[in-house]
Every structure is written in C-alpha cells, then in structure tokens.
Amino acid sequence: MSYWSGKIKIGNLEYPRFIGGPLDGITDSPFRKLVREFSPDELLYTEMRHVACISNPTGGARALNFIQLERPLSYQVAANTTQYIEKACDKILAAGVDILDLNIGCPAKNVVGSGSGSALMADLPRLESIVKLFRNKLSIPFTVKIRAGFKNQNAVEVAKLLENCGVDALAIHPRLQTQKFEGRPDYALAGQVKQAVKIPVIISGGVVNWATAKLVYEQTGVDGFLIGRGIWSRPWKLKELQEHSQGNPYTTDSKIVLQCALKHLDYMLEYYGAQGLFMFRKHLPFYIKGLPEASDLRQRLVVSQSAIEVKEGLIDFLG
C-alpha cells in the first residue's frame, strides 16, 4: 500500500491523511456538517475553546453544541493552568468526541496574553503539568498542536516532552508566534520534529492543494495534513485532496458551489437562528470570489437583511 492510500493512526484510531483543521468563527458546526457531505470518514476539528468556557454552566452549552454526524471529531481546547481541566474533560467526554486536542500553537494576542496558546511553549514546567493532567484524565486519544516556538524555536524539545507525557500525536505549524501566519512555513523544522519522535506528526500551514501536500511530505515525512485556511468556504477540499492523491480527477463547478452556499446558509440559520444570516456574510465572498461581477454582488448581498434575497442573488449569479 502506498503512503497516500494508507491512514494516520492516532492512539487506537485510524483516519485518512487529510484532516479538517480549526478556524475560529469559520469551521463551526454548520460548516462541519457541510464538509461531511463530501468527506464522511475524515477527522475534523472543532474550533478552539478554553477549558474555563467549557466548564461554565451556561457558556459551555454552546461550546459543546454539535451533532454526532460531525464525528469523527477532535475537540480542541486551550488552557493556561490546570484549573478547569478535569471538569471540562468530563463534559467533553460526555458530549461524545473521538479525540481531544490541546492547542499550544495559537498566536492570537488575547490568547497568549492570558498565558494560553503558544505562550505555553515558553513555559515548559507549566506545560508539562497541564499535559500530564489531560493525559491522566482522558480515556480517548490526546493530541497537541504546537508552533515552531513562542519567540524562539524549541519545537523539537517540546515535541519530545509531549511524547514523554503520553501524547498520542502532535500537529505542528512551523512558524514562530511572532510570525503569525506570515512568511514561509519552516518545513525543515517540521522534518526535524518528525525525526525526533515516534508518535505521528501532522503538518499545519501552507498545504492548499495536492501538489503542495506531495512536496511537503517529501520534505518532512509527516503522517498527515491539517487543512485550515485551505478549507474555508471549500467544504469539498478534503475530498479533492484525497482524490488527487489517488490520481483521480476532481473538479467543482458553479452548480456545486451554489449548492454548498445555499446549504451553508440554511445550516447557519438552523443552528444560530436569525443571527445565522449575518454570520454567513463572512463566508459569502469566498463562494463567489473570482467570478465576473462578483464585487457588485458581494456589496449588495453582504448588507442584505433577507435570507431569501441572499439565496435569490446567489441563484441568479451561480445558477
């Protein structure tokens, strides 16, 4: 069996090598539901939620509001202390997920300012205590997402620490926190991490099509690919990557794009109520991007107060 026909093994579970990554405010429950129509078996991630939020009796309800159709599902959390971890784990396990992922790679200012996200990569004793508590509490596979480092590279050291703590797999976005999402990912560093540990390593960042996936694999030898920005408003992306990796053709046309856009809006309305229309606005430009007269349509529809008007505009434009 070729590498591309094989699967990534995380703990006692196996999944196709292309994985749907988390994008805050984008890859929510309605979007994951849409992805499932193309990719029934691929692992998907939730958006990141802090363990304190999950533990909150009221705030935690929305954070855990997903449907079982979205599984296999990796629930991603943030933490800055051991407080709230056990209670959050209890609630996540009760909700029914397949994997729990701790994000110590998020570069967002408000996240690192609280000591969460990639700030943890600069405080290894605190990181170790947090990771060990998660590992001891969880009965499902436990993974961690890292960066190249916080202000300085230490991904290899952190990866070894995680492996020693019993983490089942790790994902690496090979840029420093200071780089955010700018500049070329350091794939050489990702390759060093892969060589340094025996647990599976997943690459995050820069993979947008089959050609880049193949190139990154050849440079790093990683076990899987976490597709984040490449999946935004492209719920077929994992299917496309999987088909192309097998040498099969896969293309989309305006009919498929229209069907996705209309379903996406319906799912948003179903999940968020009337607010779903306004939350759909950030997705709409991507569905019509690059098409003739898209700018005029976007300007009209993103201010519309009517879901019917938005649907009719999309049908006229893409139908």
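Guide: The axes of helix H8 (residues 187-196) and helix H9 (residues 210-220) come within 8 Å and cross at roughly 55°. Axes are lines fitted to C-alpha atoms, for helices over the stretch in contact, and angles run from 0 to 180 degrees between N-to-C directions. Helices (H or I, at least four residues) and strands (E, at least two) are DSSP runs numbered from the N terminus. This is a predicted model, in which local features need pLDDT of at least 70, side-chain atom pairs count only at pLDDT 80 or more, and totals for chains, interfaces and linings use all residues. Residues are numbered from 1 along each chain as its sequence is written, and side-chain values use heavy atoms, with hydrogens and water left out.

Visitor: How are H8 and H9 oriented to each other, then?
Guide: They are therefore oblique; angles under 35 degrees count as roughly parallel, over 145 as roughly antiparallel, 65 to 115 as roughly perpendicular and the rest as oblique.

Visitor: Which residues meet there?
Guide: Tyr187, Ala190, Gly191 and Lys194 in H8 meet Val216, Gln219 and Thr220 in H9, where contact means heavy atoms within 4.5 Å. By class, the contact of H8 with H9 has 3 nonpolar, 3 polar and 1 charged residues. Ala, Val, Leu, Ile, Met, Phe, Trp, Tyr, Cys and Pro count as nonpolar, Asp, Glu, Lys and Arg as charged, and the others, Gly among them, as polar.

Visitor: On to H7: which of its residues are buried?
Guide: In helix H7 (residues 155-164), the buried residues are Ala155, Val158, Ala159, Leu161 and Leu162. They cover an arc of only 160° around the axis, which puts them on the same side of H7; the arc is that of the directions from the helix axis to the C-beta atoms. Buried means under 20% relative accessible area, exposed over 50%, and partly exposed in between (1.4 Å probe, protein chains only).

Visitor: And what covers them?
Guide: The cover includes helix H6 (124-137), strand S8 (142-149), strand S9 (169-176) and H8.

Visitor: As for S9, is His173 buried or exposed?
Guide: His173, found in strand S9, is buried, with a relative accessible area of 4%. Leaving aside neighbours within four places in sequence, His173 has contacts that include Lys145, Arg147, Lys180 and Phe181.

Visitor: Where does Lys180 sit?
Guide: Lys180 is in the loop between S9 and H8 and is partly exposed, at 34% relative accessible area. Its C-alpha atom is separated by 5.9 Å from that of Pro107, 73 residues apart along the chain.

Visitor: Now the backbone. Which residues does a cis peptide bond join?
Guide: The bond joins Arg71 and Pro72, with omega about 10°. Pro72 lies in the loop between helix H3 (59-63) and strand S6 (73-78).

Visitor: What is the phi of Ser233?
Guide: Ser233 has a positive phi of about 55° although it is not a glycine. At 2% relative accessibility, Ser233 counts as buried. Tyr84 also has a positive phi, near 80°, and counts as partly exposed at 39% relative accessibility.

Visitor: Finally, how many helices and strands does the chain have?
Guide: The chain has 15 helices and 11 strands. Its radius of gyration is 20 Å, close to the 20 Å that the globule rule gives for 319 residues, so the chain is as compact as a globular protein of that length. The radius is taken over C-alpha atoms, and the rule is 2.2 Å times the number of residues to the power 0.38.
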